[in-house]
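Take a look at the sequence and the model below. We will walk through a few places in turn.

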Amino acid sequence: MKNLLKIPLYLLLIALGFFVVTFTVYFFNLDMKATAMLAPLLEKWYDRLERKQYI
Amino acid sequence: MKTVEKVVNPVRRAGEQSPGRIYDEKLKVRARREWRGVKDTFYDYTRWLYLLSVLGRFILVPRNVKGFFRYRWMMSYLFVPHGMDKFTIGLRDEALRIAHTSFNFVIADVTQAIANCFRGDRRVGNDKAYSDKCVITDENSMVTFMMGFDRDKVHTILREVPTMFASNIFHQFNVMHYLDIAQQYGIPGDVCPMPEAEAGISIEDDFCVLGCCAVQNNTTCDGSLMGNGIIAKRLDREYGIPTFQLATPLRHKEPDVLEYAAQEIRNAIAFVEEHTGEKWDWDLYFKAARRVNYATKCRIAQLEINSTPYPQFFGAAFSLYNDTNYMGNSGRDPAFVGIDRKLLELAEQGYKAKRMYAGEYRHRAIVWGVQPQYVIDMLYWMVQCWGVVPLADMLSIINTDMIADEDTPENREQAYRDMAMLNMEMIMRNHTHGGYKVLLDDLWDLCEKMNADVVMMWEHMSCKALTGMHGMFEEQGRARGIHVMWVTHDLCDPRVFTRQAIRDQVNNYMRTVMREEPLDPSLENIPDNEAY
């Protein structure tokens with residue numbers, strides 16, 4: 001019974017943890033900063049792909 | 001010169017006052033997101049989570065991962081949250097909710113369009129049964145000829161929307177590669193870069209290949225006619241996808257072209273029936289027609305609110321939502337009805353509360369011409385930086401007539417004429433073609449109706465249809481005492497005019513002609529020329 005009562009507390013802590021992490025990512029634009037670092041690598045990948053150019 | 005009464009916002013904006021501080025020239029994205037006060041920052045955060053969930057659900061499908069690594073333009077969609085931030089600069093309250101409601105829906109719609117493309121694409125999902133029921137259409141094309149087909153059985157694929165049109169909004173440099181490819185093959189650089197980029201995508205073999213047939217439209221200019229030829233040739237000869245040319249009259253105000261245009265619609269429908277094996281359903285058509293009328297009523301109501309001192313729904317979100325709803329949807333998807341209703345409720349709520357986008361509205365502008373894709377947030381910048389409120393833009397001034405929406409024998413004949421009228425008066429064509437009246441007279445009528453003292457003229461330097469009338473705009477604007485503020489750009493190519501070079505044209509006009517100082521000096525020079 002005592003453990004059952006702790007479940008809402010755990011859920012609340014998980015929700016709070018989720019909020020703190022995601023809000024930090026959101027506010028400091030960390031998602032887009034990471035994506036901006038990835039973009040040059042992707043460009044190299046697309047440059048390497050063979051294409052059948054045709055007009 | 002005509003003047004309008006200055007409107008001052010009695011309420012100080014919640015959160016930070018100078019959003020220009022969130023840009024950093026060392027970064028290709030913003031340094032951080034805007035602080036909008038607790039309530040609105042939390043709302044913006046929840047919408048960011050929603051967008052991540054849309055993108056997350058998309059990438060969980062294995063064929064979408066395959067497509068992501070196959071197509072260069074897919075890289076743009078990594079920057080969707082960055083793109084959304086462009087639409088919300090300085091926004092609070094209803095304005096923020098309107099921008100998110102409309103543009104989040106557009107993003108979800110484009111995401112679904114990409115997923116549909118990948119499902120049928122011969123190189124990615126290769127679902128042949130699905131592909132055999134797909135009809136490819138142009139990006140800049142009304143899909144009225146699909147209104148009477150069951151969406152569950154025949155799928156309309158606006159292949160160029162996610163590939164070029166939307167991708168350039170999220171990533172300003174992503175189209176340059178395709179422009180270079182087109183020009184390497186001898187296509188001149190002075191045509192509109194939008195169809196030129198689409199031609200480049202086709203030459204590079206970077207379009208998804210799917211569908212049992214395609215319908216192309218003689219859209220609006222020399223560039224689109226050229227691009228369509230290149231794309232149709234590859235579709236037809238290499239991939240065996242037959243392409244119908246929906247030849248729409250350009251002089252759409254002449255009554256004698258209507259019967260011809262209606263016959264073209266009949267031919268397009270017959271072509272789709274022949275290749276998909278599905279039949280046109282009048283019941284579905286008239287249901288879609290009722291939704292088209294509802295969308296038209298909502299748009300008229302939004303413009304009426306915008307003609308008051310407290311406009312609510314304008315700028316890029318208004319333009320792109322109308323584009324998606326009016327042209328890409330044409331009443332086929334019932335989901336748009338709820339969004340139309342919600343947007344109108346928000347706008348009415350904002351109007352009653354006298355909400356404003358900025359601290360002051362000093363000028364009321366009609367935006368004419370075509371906006372550059374890579375600085376699509378410019379109109380929000382203009383109101384925040386200079387207090388020039390963009391009441392309506394040319395691309396949103398589209399049909400205001402109701403079409404026949406009751407199923408009767410007479411209305412079935414009328415329906416072909418209605419579809420033809422909508423097709424002829426689609427976005428872009430309705431003002432850039434059709435003669436002097438639709439390009440000039442309509443503009444001055446609109447200035448009168450909406451009490452505008454400024455026309456912000458986008459001068460797309462590769463658009464011959466508009467640049468040819470430069471002198472007439474000048475002359476007639478002067479005669480009416482209306483400021484004509486020219487802002488030159490090259491639509492999709494930021495190498496020709498950078499973002500700041502575009503904004504500087506407004507800065508110079510406001511300082512030298514209007515003799516004004518910016519409302520928010522932090523926005524006058526934004527270091528985002530190198531940003532996505």
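With 15 C-beta neighbours inside 10 Å, N126(B) counts as partly exposed. The label follows because a residue is buried only from 20 or more such neighbours, and exposed at 12 or fewer. Keep in mind that this is a predicted model. N126(B) sits in the loop between α4 (93–120) and α5 (128–131) of chain B. Its backbone has a feature to note: phi of N126(B) is near 50 degrees, a positive value, and the residue is not glycine.

Now go further along the chain. S330(B) also is not a glycine, yet its phi is positive, at about 50 degrees. Find S330(B) in the loop between α13 (316–329) and α14 (335–352) of chain B. Is S330(B) buried or exposed? S330(B) has 26 other C-beta atoms within 10 Å, so it is buried.

Next, a pair of helices. In chain B, helix α9 (residues 193–203) packs with helix α10 (residues 222–238). Their axes lie 8 Å apart, and the angle is about 15 degrees. Angles under 35 degrees count as roughly parallel. Therefore α9(B) and α10(B) are roughly parallel to each other. Their crossing is left-handed. Which residues of α9(B) make the contact? They are P195(B), E196(B), E198(B), A199(B), S202(B) and I203(B). From α10(B) come residues including G223(B), M226(B), I230(B) and R234(B). By class, this contact of α9(B) with α10(B) holds six nonpolar, four polar and three charged residues.

Helix α10 of chain B turns up again where the chains meet. The contact takes 25 residues from chain B and 20 residues from chain A. On the side of chain B that touches chain A, α1 (37–59), α3 (80–86) and α10 each give two or more residues. What classes of residue are found on that side of chain B? The residues there divide into 15 nonpolar, one polar and nine charged.

Chain B has an open sheet of four strands, in the order β8-β7-β9-β10, with parallel pairing. At the edges stand β8 (388–393) and β10 (483–489) of chain B. Each has a single partner strand, so one side of each is left without a neighbour in the sheet. Neighbouring strands of this sheet are turned by 30 degrees against each other on average, direction ignored. Zoom in on one pair. Strand β7 (residues 363–368) of chain B pairs with β8(B) in the parallel sense, over five bridges. There, H363(B) stands opposite V388(B) in β8(B).

Terms used
Residues numbered from 1 in each chain as written. Chains lettered and ligands numbered in written order. Predicted model: local features only at pLDDT ≥ 70, side-chain atom pairs only at ≥ 80, totals over all residues. Axes fitted to C-alpha atoms, helices over the stretch in contact; angles between N-to-C directions. Parallel < 35°, antiparallel > 145°, perpendicular 65-115°, else oblique. Left-handed = near helix turned anticlockwise from the far one by under 90°. Contact = placed C-beta atoms within 7 Å. Nonpolar A, V, L, I, M, F, W, Y, C, P; charged D, E, K, R; others polar. Pairing = 2+ DSSP bridges.
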